[in-house]
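Subject: Structure handover

Hi,

Here is the structure I promised to pass on to you. Have a look at it first, and then read on for what turned up.

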Amino acid sequence: MKKPKEPFLTARKKNRTYCMGITQILFWALTAVALFSALLVITSKNPVYSVLWLIVTFFTISGHYLLLNAQFLAIVNIIVYAGAIMVLFLFVIMLMNLSKETEPQKNRWLKLAGAVAGGSLLLVLVAALRTTETRMTELGTGEIGLIQNLGHVLFTEYVVPFEIASILFLSAMIGAVVIGKREKQVIEDEILEADVVKSEIHENETAGYLKH
Amino acid sequence: MKNLILLIPLLPFLGFLINGLGRKHLSKGLIGTIGSGVILGSFAISLYVFLNLDAFTGERAISSSARILGNPVIRYFDFIRVGSFRIPFAFQIDQLSTLFLLIITGVGFLIHVYSTAYMHEEKREHFGRYFAYLNLFVFSMLLLVMGANFVIMFIGWEGVGLCSYLLIGYWFKNIDYTKAAKKAFVMNRIGDLGFLLAVFWLIAKLGTVNYTDVFTTAALDRLNTTDLVGITLLLFLGATGKSAQIPLYTWLPDAMAGPTPVSALIHAATMVTAGIYMIARSNMLFTAAPVTLTVIAIIGAATAFLAATIALRQNDIKKVLAYSTVSQLGYMFLALGTGAYVAAVFHVMTHAFFKALLFLGSGSVIHAVSGNQDIRTMGGLRKKLPVTYATFLVGCLAIAGIAPLSGFFSKDAILLSAFDTNKILYAVGLLTAAMTAFYMFRLLFITFGGSFRGTDEQRHHIHESPAAMTIPLIILAVLSIVGGWIGIPELFMQGGDRLSEYLGPVVRSKQIHVDHATEWILVALTTVIALVAIIIAYMRYRNFREEKETGLSRALENKWYVDEIYDAAIVRPLNRFGGFVHSFIEKGTIDAMVNGVGRMVNYGGRQLRWLQSGQVGNYVLLMVISMVLLFVLQFFLRK
Amino acid sequence: MDIKYYIFLSIALFVIGIVGVLTRRNAIIIFMCIELMLNAVNLLLVAFSKMHHLAGAATNPTAGSEGQLFVFFIMVVAAAEVSVGLAIIVMLYRNTHSVDVNFLNRLKH
């Protein structure tokens, strides 16, 4: 998809038939869905619902990436985040059999305090950044989001972090395995071994006794 | 020359250090020798200075009546130096200070020797302590009289007050004695406040406290009447504290709690005369403030009279002598108040001789009757203690003012000056002289006459005192007889008043406007009245059994209840005020505040503990809140 | 599209994630909200990279690609972190049979 889409869009803009271009409509639609689903993530009682709504949020964010022509990232977001990580979450939730009834509820005042704190943070940040100077991002255009260009930069300038990232993955894997190992099984095995050894000694002793 | 003068106070100070630090290691004989020896050394040097005073001060005699005063001040170093204000550590060696030097070291030496025998029963380290304090006292007194400005005098002033406290409370295990010592010190302090205020006033007005700068007409011109009256009254207040005048005299009788030699030295011969010395030294200031002089005269006369009345009915040997001292000091202040400075100094000298003699004699008596001090259980000691009796008799004659003993000349000079100023003062003085003769001879007859009224055990132990005690008595008796002959008035001998001549440059003597005939009559009157009083006393107390008690005699015996009045009017309200301040301000406010701070910290800590709840959620909440705050600070409040 | 809107959107998502962390007691949900926050940041980074690219495309054709590469690495780290974190949560569940965060107050001591 090397062909830029500019002429088409500019033509559209020149016409001024619509108040907003298609990209803008898409932007606002995706924004609305993202916010809505994020709110639902944090307010759902059933943890499985929370996971599902988070997946929807990820899809919308990928949509935003596409709008910004970051195609590689959009696909990777869906594959890795929504596809792998969220599935992992679902596995864990299923493992623990969590459902709406077993969900612990936080103290009402603390919930209110949390909401207020978050709300004030929102207000502060928005108020602070309200007066930033206008810079434009064009939607649907740009070469850098394309996987070719991105890969080129990654493997020339940022190859060292790339290799280190692989080592990071290795350590994470080992860590997860080590943590998740069933230690009870190890202990039980040791206890079993000890019993066997004891019985063996006992046999030997009695045998020896009889010998002498 | 400088160093020689410095040795005079330095030797006793060395004695203090050696005896004080080595009191546990040196033998009693050595302690006594060092203690007395250093005073003897100071006396020798003082004698040398006295005989060669002209050489020391550079004084020259122009003619037989006029002399130019040289420079008597010897500076050593600057004691206080603040900006351009200087107070030098300097000694002023002129006639007045030399005279006092001789008295202090001479009588002091005799008393030191006496003490070696009197205190020989004390344990070694207490013996050493005693002599150390005594030497320290002499050192302070020497500083007092040798100082060339009011500040050095004040150092000695405070020092003698301190040593008085230490020595009165010498037997510190007895609570009554320590209370007496405390009383003496506190009353001294009240007077010292007056002294200090006067010094500050002088500094404020004149910028200097050196005698050579203050006692000049130029300096006096700079002070207006209020200054003069104020300064002199405050100085006199200091003198009342130190020299036991009304209203600060009640400590002196209680100070008899100390050992008898201490009473002799401090409360008869030297410390109590510091007030007189100070006023005599500042005679120029006082002459310029007649109001103060009147006050001094009245208080002096009143004190003399009051103390004499109380002494009439006291039954403790030392208390009689104590009130006698207060009375005689009153006489000296009467003399100062009427402008007869030389007469006052004269009486200081003679009083030192006969009062020390009387005290040491009483010490000998107490020693003989195994520590008893009540004269009602004494008597008949004349045969058993001949030397003591003889010297005591000499002392009584001297104090009664019988010619030709020393007391006659000095007392007559005072009464003459009083007569010249105010007839009422003279009458009071005359009456007091009669009472003096009466109560002293009452004491003599009750103690030495009649038959012994004490216990058998005491009777067996009566013995004359050892030589170390009797020899000083004899020497002092001789001095009491001849000591007055340096001040023989013109009445008897032309040019006989060597003392006035000697002190002339420093202390101006008073011009008496009384003709010879009147003077003869006055002299005769005093002598007759004294003799009559003695005879009456002899008749009454010759064979003493016991005395009748009347309402008046009870009041006299209880010192006119002055102590009780002081206690109720001053001491107890002050105590209550102190208690109030303690409970309300100290405990209620300050303590509460300090404790409150502690409690607040505790409370705050307990509240802060809730932050560390261990709940992750709380931590995150706090993080968010602090983030909000940081952002607000960063974006909105940073101007 | 003005960069402001992307900033606001990112802030909103981020704050929603924070409120989720503060409001919920289930450890897994909290973890999920953290992922949400990370994604908000990712979005912002991509938007900024686009902005820089537009500003500097004349001189450097790959200007602004750092932003997207950084997002790539964030995803890497997020994946690693999720795996380890979930392992820990599983262990906690095995020991205490609950995923309630309030039970984990041993930090008090």
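A residue counts as exposed when its relative accessible area is over 50%, as buried when that area is under 20%, and as partly exposed in between. By that cut-off B:Val594 is exposed, because its relative accessible area is 53%. Please keep in mind throughout that this is a predicted model.

**The surface patch on chain B**

B:Val594 sits in helix α26 of chain B, which covers residues 562–609. This valine also belongs to a nonpolar surface patch of about 990 Å². Other members of the patch include B:Ile570, B:Leu574, B:Phe577, B:Phe580, B:Phe584 and B:Met593.

**Chains A and C**

Chain A is built from eight helices and has zero strands. Chain C likewise has zero strands, with three helices, and reads α-α-α along its sequence.

How much of each chain is buried? For chain A, 31% of the 212 residues count as buried. For chain C, the buried share is 63% of 109 residues. The accessible surface of chain A is about 14100 Å², with 68% of it on carbon and sulfur atoms. Chain C has an accessible surface of about 4000 Å², and carbon and sulfur atoms hold 67% of that.

In chain A, 63% of the contacts with a separation of 6 or more are between residues 24 or more positions apart. In chain C, 61% of the contacts between residues at least 6 apart in sequence join residues at least 24 apart.

The two chains also meet each other. On the chain A side 82 residues take part, in contact with 71 residues of chain C. Together the two chains bury about 7100 Å², and 77% of this area is on carbon and sulfur atoms. How many salt bridges cross the interface of chain A and chain C? The rule finds zero there.

**An enclosed helix in chain B**

Helix α12 of chain B spans residues 260–269, and ten of its ten residues are buried, so the helix is largely enclosed by the rest of the structure. Among those buried residues are B:Pro261, B:Ser263, B:Leu265, B:Ile266 and B:His267. What do the buried residues of α12(B) pack against? Their neighbours are α4 (95–118), α5 (124–146), α6 (150–168), α11 (251–254), α16 (317–337) and α17 (341–368) of chain B.

**A hairpin in chain B**

Strand β3 (residues 73–82) and strand β4 (residues 85–92) of chain B pair in the antiparallel sense, over eight bridges. One of the paired positions is B:Val73, whose bridge partner in β4(B) is B:Gln92. The two strands form a hairpin with two residues between them, and B:Gly83 in the turn has a positive phi of about 65°.

**Salt bridges**

Over all chains, the structure holds ten salt bridges. Here are some that I looked at.

B:Asp78 forms a salt bridge with B:Arg75, and their closest N and O atoms are 3.3 Å apart. B:Asp78 counts as partly exposed because its relative accessibility is 26%, and B:Arg75 is partly exposed too, at 43%. These two residues and B:Arg86 are linked in a network of salt bridges.

The side chains of B:Asp254 and B:Lys183 meet in a salt bridge with an N to O distance of 2.6 Å. This pair links distant parts of the chain, as B:Asp254 is in helix α11 and B:Lys183 in helix α7 (residues 175–206), 71 residues apart. B:Asp254 is partly exposed at 24% relative accessibility, and B:Lys183 is partly exposed with a relative accessible area of 22%.

B:Asp192 and B:Arg189 form a salt bridge as well, with 3.9 Å between the closest N and O atoms. Both residues lie in helix α7 of chain B, three residues apart, or about one turn of the helix. An α-helix has 3.6 residues a turn, so residues three or four places apart point the same way. Is B:Asp192 buried or exposed? B:Asp192 counts as buried, because its relative accessibility is 3%, whereas B:Arg189 is partly exposed with a relative accessible area of 40%.

Happy to go through any of this with you.

Best wishes

How values were computed
Residues numbered from 1 in each chain as written. Chains lettered and ligands numbered in written order. Predicted model: local features only at pLDDT ≥ 70, side-chain atom pairs only at ≥ 80, totals over all residues. Heavy atoms only, no water. Helix = DSSP H or I, 4+ residues; strand = E, 2+ residues; numbered from the N terminus. Buried < 20%, exposed > 50% of the residue type's maximum accessible area, 1.4 Å probe, protein only. Contact = heavy atoms within 4.5 Å. Areas by Shrake-Rupley, 256 points an atom, 1.4 Å probe, with all protein chains shown as cover. Patch = residues over 30% accessible without salt bridge, like charges linked within 9 Å, V, L, I, M, F, W, Y side chains within 5 Å. Salt bridge = Lys/Arg side-chain N within 4 Å of Asp/Glu carboxyl O. Pairing = 2+ DSSP bridges. Buried area = accessible area lost by both parts, 1.4 Å probe.
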